[in-house]
Amino acid sequence: MGIPASELPPISEEEHEVARKLEISDEAYRRGKLAGIFGHERIESRAAALGSQVEGILAGLEQGYRLASVTWNSSTHSWTLEVATPQGPHNVALSGDLVDDVLDSRTRSQAQRLRNMVLFGLGRRDLIFEKHQ
């Protein structure tokens, strides 16, 4: 709310009509649009940070494991990793709470939880209890 109106994103004629139908001001619509932009940027930043950590986990496996994509699902509050493996592509689902804990705390125990969940999702349970440095 502290951002001056002059710095809010412009809206199209269609967006102006939507604001009118919702009975909100153009400025309120523009503030909502800016909040959406900030939210999208935050998700992109977190996806990149998660991807970086997962790539580090995959680097510790034999060749043939590669992170293909990281996707946020707002309706389930979860992340999906698409990982190319020697056996073919695998999807690994991670709860949003787990990822938030990992990215926000940056502790070794949270990183270990992420590693375990990724390995479990890839069917590599054999590596979960292996000593990891």
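Modeller: Helices (H or I, at least four residues) and strands (E, at least two) are DSSP runs, numbered from the N terminus. This is a predicted model, with local features needing pLDDT of at least 70 and side-chain atom pairs 80 or more, while totals for chains, interfaces and linings use all residues. Residues count from 1 along each chain as its sequence is written, and side-chain values use heavy atoms, without hydrogens and water.

Biologist: In which strand is Thr85 found?

Modeller: The strand that holds Thr85 covers residues 78-85. Thr85 is therefore part of S2.

Biologist: Is Thr85 buried or exposed?

Modeller: Buried means under 20% relative accessible area and exposed over 50%, with partly exposed in between (1.4 Å probe, protein chains only). Thr85 has a relative accessibility of 9%, so this residue counts as buried.

Biologist: Which residues does Thr85 touch, not counting residues up to four places away in sequence?

Modeller: Contact means heavy atoms within 4.5 Å. With sequence positions up to four places away set aside, the residues that Thr85 touches are Gly64, Tyr65, His90 and Leu122.

Biologist: At what distance does a polar contact join the side chains of Thr85 and His90?

Modeller: A polar contact is a pair of N or O atoms within 3.5 Å; within protein, one must be able to donate a hydrogen and the other to accept it, and residues adjacent in sequence count only if both atoms are side-chain atoms. The side chain of Thr85 also reaches the backbone oxygen of Gly88, at 2.4 Å. For the side chains of Thr85 and His90, the polar contact is 3.4 Å.

Biologist: Which strands stand at the edges of the sheet?

Modeller: Strands pair if DSSP finds at least two bridges between them. Three strands form an open, antiparallel sheet in the order S1-S2-S3. Each edge strand has a single partner strand, so one side of each is left without a neighbour in the sheet; these are S1 (66-73) and S3 (88-95).

Biologist: What is the average twist from one strand to the next?

Modeller: In the open sheet the strands follow the order S1-S2-S3, with antiparallel pairing. From one strand to the next, the twist averages 20°.

Biologist: Over how many bridges do S1 and S2 pair?

Modeller: Trp72 stands opposite Trp79 in S2, and Leu67 has Val83 as its bridge partner there. S1 and S2 form a hairpin with four residues between them, and His77 in the turn has a positive phi of about 50°. The antiparallel pairing of S1 and S2 has a bridge count of seven.

Biologist: What angle does the direction of H3 make with that of S3?

Modeller: S2 and S3 form a hairpin with two residues between them, and Glu82 stands opposite Asn91 in S3. Their antiparallel pairing runs over eight bridges, and Ser78 faces Ser95 in S3. H3 packs on this sheet and touches S1, S2 and S3, and its direction makes with that of S3 an angle of about 80°.

Biologist: How far apart are the axes of H2 and H3?

Modeller: Axes are lines fitted to C-alpha atoms, for helices over the stretch in contact, and angles run from 0 to 180 degrees between N-to-C directions. Arg46, Ala49, Leu50 and Gln53 in H2 meet H3 residues including Val99, Val102 and Leu103. Helices H2 (26-59) and H3 (96-105) pack at about 85°, and the separation of their axes is 11 Å.
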